[in-house]
Amino acid sequence: MPHTATLTWAEQLVPGTANAVRALLDRAADADGVAPVSEQAVLSLADDDPSTRHLLAVRADEVVGYANLVAAHDEHPAMAEAAVDPAARGSGIGAELVRAALTEGGHGARVWAHGDLPAAKALAASLGLATARELWQMRRSLVTPELPELEIPEDLIVRTYAGLLDDLELLRVNNAAFAWHPEQGGWTERDIAARRAESWFEPAGLFLAFDAADPTRLLGFHWTKQHPDAAPAGEVYVVGIDPAAQGRGLGRLLTLAGLRHLRAAGSSEVLLYTEADNTAAVHTYTKLGFAPAHIDVAYSLP
């Protein structure tokens, strides 16, 4: 079998190719113990978002490598993610994918190394890449230490997701809270609808906090996620606080509400992701018993 592969860009994947990529990603995750690309990249396989492009490495009519590229937008650089089938590694396909994606992404483009595994470190070094961003995965047991009691102040109303009428406020707060964030900022109704359609979605796991004086205006939310077939089973998926509501302890309150829900649902451990330099979030999560478990690194050309 030849060692080289042909690289081809696609604006959208046909179902058969998308399924081949998903199978490749599953094999890579099984081999490495960490998902090679983000949830956003997986969702894009069945999407026609014009901001996302797909790079396929094909050898002997089989997809042996894949890269996902989200175009630069606003002030955020292009972001790439890549994976190589374990059976096709060691032949330079990964380097070709990363080099092509960074070139296509343009000035400042970055590529994620999920788990920052030794092979990813070596590849980054061989291409002269430098660390541009770190994303921490933090974890804690839901068995011990005991979770604090949930005490909701009288000036707040905390409830769970009631349906589509909540979406506009969810979008407003999400995009205000994460205006600085390359992936989480700039969500549209399609982003919420895609997640609502996922098998893990449950209205009872999406917590919303409102000011009692104005129960129509959202102050913050905590979207939890359960992985019944994976460990840890619980996830602090997104915690977003309206910048105008900062300083009221909403981050801790909403996180705790979600943790207690996940524990009641049977999760014994929970994970979350946060930027390493988001000191306020890291402080809040550390105080709630979380500790770093592994690091995702975004590399770019210096």
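1. In this predicted model, the axes of helix H5 (residues 167-177) and helix H6 (residues 189-196) come within 10 Å of each other and cross at roughly 115°, where axes are lines fitted to C-alpha atoms, for helices over the stretch in contact, and angles run from 0 to 180 degrees between N-to-C directions. H5 is therefore roughly perpendicular to H6, a label that covers 65 to 115 degrees. Helices (H or I, at least four residues) and strands (E, at least two) are DSSP runs, numbered from the N terminus.

2. On the H5 side, Asp167, Leu168, Leu170 and Leu171 meet Glu189, Ile192 and Arg196 of H6, contact being heavy atoms within 4.5 Å. The residues of this contact divide into four nonpolar, no polar and three charged; here Ala, Val, Leu, Ile, Met, Phe, Trp, Tyr, Cys and Pro count as nonpolar, Asp, Glu, Lys and Arg as charged, and the others, Gly among them, as polar.

3. Residues are numbered from 1 along each chain as its sequence is written, and side-chain values use heavy atoms, with hydrogens and water left out. Because the model is predicted, local features need pLDDT of at least 70 and side-chain atom pairs count only at pLDDT 80 or more, while totals for chains, interfaces and linings use all residues.

4. Twelve strands form an open sheet with mixed pairing, in the order E1-E2-E3-E4-E5-E12-E6-E11-E10-E9-E8-E7, two strands being paired if DSSP finds at least two bridges between them. At its edges stand strand E1 (6-10) and strand E7 (156-160), each of which pairs on one side only, and the twist averages 25° from one strand to the next.

5. Within the sheet, strand E6 (residues 130-141) and strand E12 (residues 291-300) run antiparallel and are joined by nine bridges; Arg139 has Ala291 in E12 as its bridge partner.

6. Two helices lie across strands: helix H1 (residues 15-32) lies across strand E2 (52-59), strand E3 (62-70) and strand E4 (79-84), running at about 95° to E3, and helix H8 (residues 279-287) lies across E6, strand E10 (234-241) and strand E11 (269-275), running at about 165° to E11.

7. Which backbone details deserve a second look? The peptide bond from Thr144 to Pro145 is cis, with omega near 0°, and Pro145 is found in the loop between E6 and E7. Asp61, a residue other than glycine, has a positive phi near 65° and lies in the loop between E2 and E3. For background, most residues other than glycine have a negative phi, and most peptide bonds are trans.

Notes
Parallel < 35°, antiparallel > 145°, perpendicular 65-115°, else oblique.
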